Amino acid sequence: ETEIIDKIHQNNEFLNNKEKELTSFDTIEKNLANFSLEKNKILNDLKNLDNLKNLTEEIDETRNEYNLKLVEYDKIQKDFEAQYKISKNLRKIYNNNQAGFLAKTLIENEPCPVCGSTNHPKPAYISEIENITLEKVEMKEKTSEELFLKMKNLTTDCGGMAKKIEIKKREFFSSLNKDDMDKLRKRNNSN
């Protein structure tokens, strides 16, 4: 009988050990499930961070392009202003010269071919720059118009880029979670 009691004690001890192992496995299984959830959360966070990184790179790249376009616009605007001024002055000189050529043909007491007056008290004169041709004037005006069109196109490009930057910024901020937004606000408020 002592032998049977010893056997029962051994079996009880064996069962207690197995219950402890089972409890330990349950704990391990719960921990494993928690680790799996945490792993998925971290993977999602990494994916979100990667998306935020890509958006930031796109914003920076577009800003750089935008800034280059602005520099180009400033240069073209200066060129345009100079060309426009030259073309307007050339046109004025050309028109004055044309009036001067007509004035050379005027005869006192005979009607002017432009206004019909027979009195010519202050006839136009030819400018010292006589070699200005209509072709030269039109070429300068064309150059001025082409520069104006480039400025207009750059304005359109810059507007599109500014819009793209704003859209990417909205995407960026909508991708942030609440904690990230709070951190960003705190950092911006401290600056």
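**Figure 1. Overall fold of the predicted model, whose elements run α-α-α from the N terminus on.** The protein has 3 helices and 0 strands. Its radius of gyration is 43 Å, well over the 16 Å that the globule rule gives for 191 residues, so the protein is more spread out than a compact globule. Taken along the principal axes, the box filled by the C-alpha atoms is roughly 160 × 30 × 25 Å. Of the 191 residues, 17% count as buried. Among contacts between residues at least 6 apart in sequence, 77% join residues at least 24 apart.

**Figure 2. Packing of helix α1 against helix α2.** Two packed helices are described by the angle between their axes and the distance between the axes. Here α1 spans residues 2-104 and α2 spans residues 134-175; the angle is about 160 degrees and the axes lie 7 Å apart. Angles over 145 degrees count as roughly antiparallel, and that makes α1 roughly antiparallel to α2. The crossing of the two helices is left-handed.

**Figure 3. Residues in the contact of α1 with α2.**

**Figure 4. Asparagine 109 in the loop between α1 and α2.** Asparagine 109 is not a glycine, yet its phi is positive, at about 70 degrees. Is asparagine 109 buried or exposed? Exposed means over 50% relative accessible area; asparagine 109 has 61% relative accessibility and therefore counts as exposed.

How values were computed:
Residues numbered from 1 in each chain as written. Predicted model: local features only at pLDDT ≥ 70, side-chain atom pairs only at ≥ 80, totals over all residues. Heavy atoms only, no water. Axes fitted to C-alpha atoms, helices over the stretch in contact; angles between N-to-C directions. Helix = DSSP H or I, 4+ residues; strand = E, 2+ residues; numbered from the N terminus. Parallel < 35°, antiparallel > 145°, perpendicular 65-115°, else oblique. Left-handed = near helix turned anticlockwise from the far one by under 90°. Nonpolar A, V, L, I, M, F, W, Y, C, P; charged D, E, K, R; others polar. Buried < 20%, exposed > 50% of the residue type's maximum accessible area, 1.4 Å probe, protein only. Rg over C-alpha atoms; globule rule 2.2 N^0.38 Å. Contact = heavy atoms within 4.5 Å.
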